[in-house]
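Please read the report below alongside the sequence and the 3D structure.

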Amino acid sequence: VSYYDKEFHIKSVYNERLIKDMDSAIKNHDFVVYYQPKYDITGDTPRLCSAEALVRWKHPEYGMISPGDFIPLFEHNGLIQKVDNYVWDRAAAQVNEWKKKLGFTVPVSVNVSRIDVFDPQLEEKLRRVLSDNGITEKDMLLEITESAYADDAAKVKEITERLRSDGLKIEIDDFGSGYSSLN
């Protein structure tokens, strides 16, 4: 049983607005990608080894919107693919820019949602992002949420093996936060 009340109405209107504004947010670069550094801590001195792309939404009216608000919403209705593709492209462009500026590569991890994993064009999209931005498979790491394995572990394993055979590295995101698929 659920009741329609004022709070539910406000949340529904807010969610509808986020859905409506998503395409313009991509077009206007209101989705901002931040890079969280990852360090190799083996040895005496920590060493930067890669970064993780984290998306945030700087909405022109609402200000900064928590990913906890828009990511589950977009995952639920399938729009997360548009955001993921945007982040992949922005991250690949950043890797290329760092490569030119620094003279070495800082690989970046990007999220691959459950919907992306089962997209028959996933490999083609990833190859295009890499090619369009002048980077290689070693420059982008793919983070697949552990929960994707719960949907169809055999299919996800097949897909990840194909991606690995293409030279891409796969990481498991949110491991241990829910269903444990270590096997």
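## Basis of the model

This is a predicted model, in which local features need pLDDT of at least 70 and side-chain atom pairs count only at pLDDT 80 or more, whereas totals for chains, interfaces and linings use all residues. Residues are numbered from 1 along each chain as its sequence is written, and side-chain values use heavy atoms, with hydrogens and water left out.

## Helices α1 and α2

Helix α1 (residues 6-27) and helix α2 (residues 67-77) have axes that come within 11 Å and cross at roughly 75 degrees; helices here are DSSP runs of H or I with at least four residues, strands are runs of E with at least two, and both are numbered from the N terminus. The axes are lines fitted to C-alpha atoms, for helices over the stretch in contact, with angles running from 0 to 180 degrees between N-to-C directions.

On the α1 side, K11, Y14, N15, L18, I19 and M22 meet D69, F70, L73, F74 and N77 of α2, where contact means heavy atoms within 4.5 Å. Sorted by class, this contact has seven nonpolar, two polar and two charged residues. D21, also in helix α1, counts as buried because its relative accessibility is 10%, buried meaning under 20% relative accessible area with a 1.4 Å probe and protein chains only. Residues up to four places away in sequence aside, D21 touches W57 and H59.

## Strands around β2

Strand β2 (residues 47-59) runs antiparallel to strand β1 (residues 31-40), and ten bridges join the two; strands count as paired if DSSP finds at least two bridges between them. Y39 stands opposite L48 of β2, and the hairpin formed by β1 and β2 has six residues between the strands, with G43 in the turn showing a positive phi of about 90 degrees.

A hairpin of three residues leads from β2 to β3, and β2 pairs with strand β3 (residues 63-65) in the antiparallel sense over three bridges, W57 having I65 as its bridge partner in β3. With strand β4 (residues 108-112), β2 pairs in the parallel sense over two bridges, and E52 has S109 as its partner there.

## The nonpolar core

The largest nonpolar core has 43 residues, and F31, F74 and L142 have the most contacts inside it; such a core is a set of buried Ala, Val, Leu, Ile, Met, Phe, Trp, Tyr and Cys residues joined through side-chain atoms within 4.5 Å. Helix α3 (residues 80-102) gives the most to this core, with nine residues.

Key:
Nonpolar A, V, L, I, M, F, W, Y, C, P; charged D, E, K, R; others polar. Buried < 20%, exposed > 50% of the residue type's maximum accessible area, 1.4 Å probe, protein only.
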